[in-house]
Amino acid sequence: MKPDYAQLLETNQLLQTNGDQTYWLCVTRTVQESKLFPVPAYMLLSYLNAFYRYPGVLRKIETCMTAEELGDRARNMGSKAHATSMWGLPCFYLLGREWQINMGLIRPEDAAEDLIYIVDFWKRFQLSWRRNSGHITASDGGHRTQILPERQIQVFHADLYDCEPGEPLHEAAQAFAASAAQYAFLVACESRISMHQHGPYHLGENREMLVRDFVDLAECDLPWLDGVAENVPYTNLTMPMATEGVHFNIIDDWGSFAAEPEFKGEHITGVGLYTSDPLSNGYEPVGMGSREELTRTYKDLDERLKDAMARLWKRVAGWTRDQMLDAGAITYYAIIKDLAHIAGCYDPEDWIKIDRRAERFRPLLNDEYSRDMLGDICVGSSPSHQMYEYLMMRHSNLPQRIYSPVPYSILVDDDYAPSVGDVQPGVTYLNEKLDRYRTTRGTFGIEEYNRRVRDSQPKTHEDRFRFLCEPSIKYRYDGAAADELYKLHQENSRNLRGRGAGLRRSDIEALRG
Amino acid sequence: MSKIFSDVDKYESESPSSVVAAINTAMQSVVRERFEASGQSWKDFVFGDSLESITEEDFRAVEKTLIDAGHRYDWSAAISPQERPDAYKPATGTTEDDLDTFCFEDPEAPTGETDSDGLELRGVGDNVVSYSEDTVGVARYVRSTTRVLNWLTEGVPENTIAVIDDSGGTLTAPILERFKGVICAGGTVRSHLGILTREYGIPCLMNSKVNGIMEGDTVRMESTARAKNTEDYQAGREVTANIWRVHSP
């Protein structure tokens, strides 16, 4: 549908928001390279796949579930529908666009209606997912991602097991976190997409809680995990981690953290462990029956992840460059794939193939060109970024914009191609994915998995609960609905089961003894 | 020849990378040619004929132009020069034989004479986490999957301080935990390798500028130095830890 002025104004503002966010994230790192994976090359390929496929796959998802509803569902689980995914949603699409503008393949006004849709979807998801803080990005919120509602934070807080450096639980938790992080990097072909942190959540008296998600660990959507991850029992794991004497001053849009003073293992004072997915009733405890059980569980998972990591590393080391390119490009492109799972319409053809329109570019993607092109489009060095000399971009003060705005002139001359059209057939150099997906309710084929998701939405997602937001709770916590909602979240809680909506943070602390 | 939109640019500039500039220019020529041949308006051409008429072969030909002109591409992933040795610069320092003579030679690395404690400054790096003691071990380069696979099978030699130019966390994934320390010639403290060494409690210096450290040298990392943080990077502040070669008294 032809856009109006207001839509274009908002589109360009959202585009600028993501551009500023992307610039900051990129300049506080260097261009990521790896001796194992051709990282910049696969990133560029993923951006093209996003450009040609995101409009189609997102429209398909919204025939099942709106972006706002997806945000509400994603807020209550630790999945790959997180801050990093949602930074990548517009960013990957827009970088694919910007790259092609610089090669003369498209103009800034081409695919305008796709672009408007993409950033509008992003906005609606973000506003919903981040509704408890009211920000659209972590950057907008001063580098914080405080997603969870009070009722879920209370469960995590109440059920944490205290631990001190040197204790078996402390050591097991740290070892698990290190292995999970390292395995997550390998699963995600060197990217940080399979792990994510949110928070901080204030526990009082110099204490904060960081919630760490590790996702796509078991046999799930990624074909390269078939077989090697057969002994990993959970696809997603969430580890709430209480700390003392350290303030997480940055939780950025890549789900990474920085702390003041610098964070060390000795700051960890409490830990927990949960799993979740579109079939679970929110977060479900893992090994949380006792301190000893949790210690054993961490150790067991640590061993399983290390075993899977060694097997996966050997598999990857035997790949061709095209296979590495595909795996990395799919990891990046499919950063938002869990939206399709949450909506119950996941189709591997949509997510683990390279669209033939993007595939054309493969011969260009040598290491040097990819490195330099990626650097150019991420930090404003491309010809398309340069604007009038009076302009001073946020963070750099240079006369640049990271993404070319959509020209308003299309409102009068109508001279633009509206859309790239539907998803087209794709190709892959990887082995075909086995029809095997591990979930919290068992291992299913994709049809069965989708059917189960469509047939069962959690109770907490019913409208009477879904809109019982934090401001509503403030004035209605003594009502029956609030009490019921809190009890639903507390169902699997060791210390809060049946306690209801009336507790405050100090009550939780007292209950923990 | 038809013009395309990018032929007119008031704030005209070129990519700082000559490779990118050359490839962009070559691609624009292809687009110009195919657009003219289509006889269509741009808005019909862009997601119509162009998707069929600009082919994989065009991209391949453009990339090959630079090789034909004598350029050899920098490589980052070991697989790239392995599969196309004709297209990339030589992959030195990646075989066991190479390591007898190979070392990083960063011209910006500060170096100094051996002091009275037997310490010879060979470089600096950004400290990821500050520890209570400096780290002393044996420098060993890790630049290939072959070496990782060998050490995965046979075990990582005792006391290894891995010298790496890969700021990622995957090349060394199955053996990282067994390093005594890491000196990485790339990245920042927030790179993946920085994140992982922090998780494992392994002393690590990122963005290291080192010169002349040879395979088997005993080295000392100043892991007691202040850790570099995000604000330091943003402000462009140099906050570094020293790297010394240790000479026996």
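Colleague: What should I know about the numbering and the pLDDT limits?

Modeller: Residues are numbered from 1 along each chain as its sequence is written, while chains are lettered from A and ligands numbered from 1 in the order in which they are written. This is a predicted model, so local features need pLDDT of at least 70, side-chain atom pairs count only at pLDDT 80 or more, and totals for chains, interfaces and linings use all residues.

Colleague: Okay, helices α4(A) and α5(A): what makes them roughly antiparallel?

Modeller: The axes of α4 (residues 83-102) and α5 (residues 112-129) of chain A cross at roughly 170 degrees and come within 10 Å. Axes here are lines fitted to C-alpha atoms, for helices over the stretch in contact, with angles from 0 to 180 degrees between N-to-C directions. Under 35 degrees is roughly parallel, over 145 roughly antiparallel, 65 to 115 roughly perpendicular and the rest oblique. So α4(A) and α5(A) count as roughly antiparallel. Helices, by the way, are DSSP runs of H or I with at least four residues, and strands are E runs of at least two, numbered from the N terminus.

Colleague: Which residues meet there, and what does being in contact take?

Modeller: Contact takes C-beta atoms, placed from the backbone, within 7 Å. On the α4(A) side you get A:Met86, A:Leu89, A:Pro90 and A:Tyr93, and they meet α5(A) residues including A:Trp122, A:Phe125 and A:Gln126. By class that's nine nonpolar, one polar and no charged. Ala, Val, Leu, Ile, Met, Phe, Trp, Tyr, Cys and Pro go down as nonpolar, Asp, Glu, Lys and Arg as charged, and the others, Gly among them, as polar.

Colleague: How many residues do the two chains bring to their contact?

Modeller: 69 residues of chain B are in contact with 62 of chain A. The largest share of chain B's side, seven residues, comes from α1(B). That side splits into 32 nonpolar, 24 polar and 13 charged residues.

Colleague: Where do the domain bounds come from?

Modeller: From an automatic or database domain assignment. For chain A that gives domain 1 (5-138 + 320-427), domain 2 (150-318 + 434-457) and domain 3 (462-513). Domains 2 and 3 of chain A have C-alpha centres 24 Å apart, and 13 residues of domain 2 are in contact with 17 of domain 3. On the domain 2 side, α6(A) gives the largest share, eight residues. Chain B has domain 1 (5-71) and domain 2 (103-246), with C-alpha centres 42 Å apart.

Colleague: Now A:Cys189: why is it called buried?

Modeller: Buried needs 20 or more other C-beta atoms within 10 Å of the residue's own; 12 or fewer is exposed and in between is partly exposed, with C-beta atoms placed from the backbone. A:Cys189 has 29, so it's buried. A:Cys189 sits in the loop between α7 (168-187) and β2 of chain A, and its phi is near 55 degrees, a positive value in a residue other than glycine.

Colleague: And what makes A:Asp216 buried?

Modeller: A:Asp216 has 24 other C-beta atoms within 10 Å, so it's buried too. Its phi is near 60 degrees, positive in a residue other than glycine, and A:Asp216 lies in the loop between β3 (207-214) and β4 (237-244) of chain A.

Colleague: Which bond into A:Pro200 is cis?

Modeller: The peptide bond from A:Gly199, with omega near -5 degrees. A:Pro200 is in strand β2 (residues 195-204) of chain A.
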